[in-house]
Structures are given as C-alpha cells and as structure tokens.
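Let's take a friendly walk through this model, one topic at a time. Have it open while you read.

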Amino acid sequence: MIARNAWRIRALLPVTALLWPSMCLASDPAYAAYLATECVTCHKMNGKPTNAIPSIAALSEGEFVGAMRAYQTGQRPNEVMRTVAARLTPENLAQLATYFANMQGKAIPR
Ligand code: HEC
C-alpha cells in the first residue's frame, strides 16, 4: 500500500513547497483539507484501516494531538510518522485534529 501510493506523495512535495508560505497564513477548513491530502494517501478517507495503517478518521482531538506529539518527540518510534509529524506546527496539528475528528459519517470513499 505504501509503495503503491509513493508516487502521489512525491508528486505532492513540489506543490507543498510552492504553496507553503501563503498557506501557512490561512487557518480555515479548506487549509485543513489541504493538509490532510498528504495523510489520506496512506490513511484512507473512508476511515477503514488497511493492514499496516490505522484509521485516523474520527479520533478525538486529544487522541490525535497526543499521537502526533508522541511521534514528534520520538516517544512513538515509527519512522514514517516521525517524518510526517516533524513538519507540522502546533497550529497545523490543531487544524488537522479538528478536521479528522469531524470525519466520521462524512468520509469520502476512495
Ligand atoms: C506514508 C504513509 C503515511 C502517511 C503519508 C501518513 N501516515 Fe500516519 N501513520 C502511518 C502508519 C504506518 C502509522 C502506524 C504507525 C505506528 O505503528 O505507530 C500511522 C499512524 C498515525 C497516527 C496514530 C494512529 C493511532 O491510532 O495511534 C496518526 C494520528 C497519524 N498517523 C496521523 C497522520 C497524519 C495527520 C498524516 C498527514 C499529515 C499522516 N498520518 C500521514 C502512515 C502514514
């Protein structure tokens, strides 16, 4: 699953780099959805876990931020998620926490 989606992540990186300065100033649901596009290449939008990748749709905001902080501090050792989490600011985490906490029942099938 990770290998099959790797091209999507690579394709997204230049776009992220280009848009980053202006996007950082925004704090709206569209921006949260934009941040989440990277996540849902692995964590399915339909909320269903895959073999190695847990569902993150509808985690409470506290659970979400707790898990992401644990990756940022290295308390949780998963390399992929440590890299992903390292790039997110506390504001990004708060936006994503709200976004995913509101996902249940609104998930878009992929
Ligand atoms: C390349 C694939 C990949 C991408 C991209 C990715 N994740 Fe993950 N994520 C994983 C894997 C694999 C795990 C399980 C890691 C572990 O065992 O700790 C995980 C775990 C998590 C967890 C912990 C879930 C739990 O129930 O404990 C959270 C929260 C999370 N990811 C959020 C995110 C967010 C937010 C993004 C986007 C900014 C993201 N992930 C992007 C693969 C990915």
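## Around the ligand

Four helices, α1 (2-23), α2 (29-39), α3 and α4 (79-86), each give at least two residues to the shell around the ligand. (Helices here are DSSP runs of H or I with at least four residues, numbered from the N terminus.) The shell has 20 residues, and the closest are C39, C42, P54, A67 and N78; a residue is in if its C-beta atom, placed from the backbone, lies within 6 Å of the ligand.

By class, that shell holds 15 nonpolar, 3 polar and 2 charged residues. Ala, Val, Leu, Ile, Met, Phe, Trp, Tyr, Cys and Pro count as nonpolar, Asp, Glu, Lys and Arg as charged, and the others, Gly among them, as polar.

## Where the model comes from

This is a predicted model: local features need pLDDT of at least 70, side-chain atom pairs count only at pLDDT 80 or more, and totals for chains, interfaces and linings use all residues. Residues are numbered from 1 along each chain as its sequence is written.

## α3 against α4

The α3 and α4 axes come within 8 Å and cross at roughly 100 degrees. (Axes are lines fitted to C-alpha atoms, for helices over the stretch in contact, and angles between N-to-C directions run from 0 to 180 degrees.) So α3 and α4 are roughly perpendicular to each other, a label for angles of 65 to 115 degrees.

On the α3 side, M68, Y71 and Q72 meet M81, R82, A85 and A86 of α4; contact means C-beta atoms, placed from the backbone, within 7 Å. The residues of this contact split into 5 nonpolar, 1 polar and 1 charged.

Definitions and conventions
Parallel < 35°, antiparallel > 145°, perpendicular 65-115°, else oblique. Contact = placed C-beta atoms within 7 Å.
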